[in-house]
Amino acid sequence: MTEEMDWIIQSQQGNDEAFAQLVTVYQTPVYNLCYRMLGEPEAAEDAAQESFLRAYQNILRFDRQRSFATWLLSIAAHYCIDRLRRRRFTSISIDDDDEEHPMELPDQSALNPETETARREEQEQLHKVLRSLEATDRAAIVLRYWYDFSEVEIAESLSLTVSAVKSRLHRARRELAKRWQEEQPHSHLERSPHESPAF
Amino acid sequence: MNHRPFEDWLLAEEPLTSEQKTDLQAHLRTCASCTALAEVNVALRVAKSVPPAPEFNARFQSRLAARRSAQRRRNFWGIFVLVASAMALLLWLTLPYLLWAIRSPMEVFITWITTLSFIFTSLLAYGWAGSVILRVASDFIPTYIWVTIFALTGLFGLLWVASIRKFANLTEGA
């Protein structure tokens, strides 16, 4: 039995210390998902805390045959999607939020100041264009690229069919490219040697 | 501009042959939309996870404790309202009996005496009224009417006793 499964079983038996261990392990993945979905550090913190609370309250329902990460991130993704939909109803402008909450990305592996600046700019741009996506499309993209979820896992997490996930991922990436192009109409990709290839 | 098959290659994200890569590079030099798609692919692949602020777990434990406290308060008030409602209903239903029970023994004794004397005087009054009616009736009702009334009463009495005995026998026989 893995250590994680041991913590899960103990959490299901009411051991708060064991659940605290799970929080420690998954705090960054859950927070990052919420941050990528909601785009603001304060909202992401609140959503991540709420996601862990929901996981705590429903830990007895967790099926040990499934992946805990998939289950937990599914809770966080659904929470963020609901929150974004509610936010849309309250008519809060995303563009206004961008001005109020500039992105703060820690970058521990910067090779040199120029590379760091370029990467930060690129990440800020990505963060900005990501927020233009519809909530479920955004969740699919985040789960695919930040967590390497397969299409089946994304479908399971977001309660969609696999074909719907494929369709959403394609549509989302087209939309991202369109927005990316609008943000930098005359630029071309200048990939650094250490970066992953696009194809 | 025709983006096929370059856009499909970029969207599929599958490994390309060296010839395909060369063709794609040539296309990207002239196509802004496919370049944007390739740039997005790169940006997504190199994107890093953002960690939360330090002490996230401690803040979670505080929030959990607060949520539990709120839940306990909600449970307490829920039970309080339920018990209070049940007690109010019980009080409303038992109030007449309680009022009677909480009276002093002398009050209860006086009530009993009053009730008994009421029953006694009522019986006396009914007896007196009955004797008066009989005395008055005997003066103007002929004797044969009295004989008929008593005979019919006796007959009905016999019929009543006979029918009871018959039904009693039927029940035993069954």
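Student: What should I keep in mind about numbering and confidence before I look at any residue?

Tutor: Residues are numbered from 1 along each chain as its sequence is written, while chains are lettered from A, and ligands numbered from 1, in the order in which they are written. This is a predicted model, in which local features need pLDDT of at least 70 and side-chain atom pairs count only at pLDDT 80 or more, whereas totals for chains, interfaces and linings use all residues.

Student: How many helices and strands are there in chain A?

Tutor: Helices (H or I, at least four residues) and strands (E, at least two) are DSSP runs, numbered from the N terminus. Chain A has nine helices and zero strands, and among contacts in this chain between residues at least 6 apart in sequence, 66% join residues at least 24 apart; two residues are in contact if their C-beta atoms, placed from the backbone, lie within 7 Å.

Student: Which residues of helix α1 of chain A are buried, and which are exposed?

Tutor: A residue is buried if 20 or more other C-beta atoms lie within 10 Å of its own, exposed if 12 or fewer, and partly exposed in between, with C-beta atoms placed from the backbone. In α1(A), which spans residues 3-12, the buried residues are A:Trp7, A:Ile8 and A:Ser11. They cover an arc of only 100° around the axis, which puts them on the same side of α1(A); the arc is that of the directions from the helix axis to the C-beta atoms. A:Met5 and A:Asp6 are exposed on the other side of α1(A). Over chain A as a whole, buried residues make up 33% of the 199 residues.

Student: How is the packing of two helices described?

Tutor: Two packed helices are described by the angle between their axes and the distance between the axes. Here the axes are lines fitted to C-alpha atoms, for helices over the stretch in contact, and angles run from 0 to 180 degrees between N-to-C directions. Within chain A, α2(A) and α3(A) pack at an angle of about 135°, with their axes 8 Å apart. That makes α2(A) oblique to α3(A), given that angles under 35 degrees count as roughly parallel, over 145 as roughly antiparallel, 65 to 115 as roughly perpendicular and the rest as oblique.

Student: What is the make-up of that contact by residue class?

Tutor: The contact of α2(A) with α3(A) has 14 nonpolar, one polar and no charged residues. In this scheme Ala, Val, Leu, Ile, Met, Phe, Trp, Tyr, Cys and Pro count as nonpolar, Asp, Glu, Lys and Arg as charged, and the others, Gly among them, as polar.

Student: Which helices pack across the two chains, and at what angles?

Tutor: One pair is α9(A), residues 162-183, and α3(B), residues 32-46, which pack at an angle of about 110° with their axes 8 Å apart; they are therefore roughly perpendicular to each other. Among the residues that meet there are A:Leu176 and A:Trp180 in α9(A) and B:Ala36 and B:Val40 in α3(B). The residues of this contact divide into seven nonpolar, two polar and two charged. A further pair is α2(A) and α4(B), whose axes come within 9 Å and cross at roughly 110°. In this second contact, A:Ala20, A:Val23, A:Thr24, A:Gln27 and A:Tyr31 meet B:Phe56, B:Asn57, B:Phe60 and B:Gln61, and the residues divide into five nonpolar, four polar and no charged.

Student: Which residues other than glycine have a positive phi here?

Tutor: Most residues other than glycine have a negative phi, and most peptide bonds are trans. Residues with a positive phi include A:Asp148, with a value near 55°, and B:Glu55, with one of about 70°. A:Asp148 is found in the loop between α7 and α8 of chain A, and is exposed, with 8 other C-beta atoms within 10 Å. B:Glu55 has its place in the loop between α3 and α4 of chain B, and is exposed, with 10 other C-beta atoms within 10 Å.
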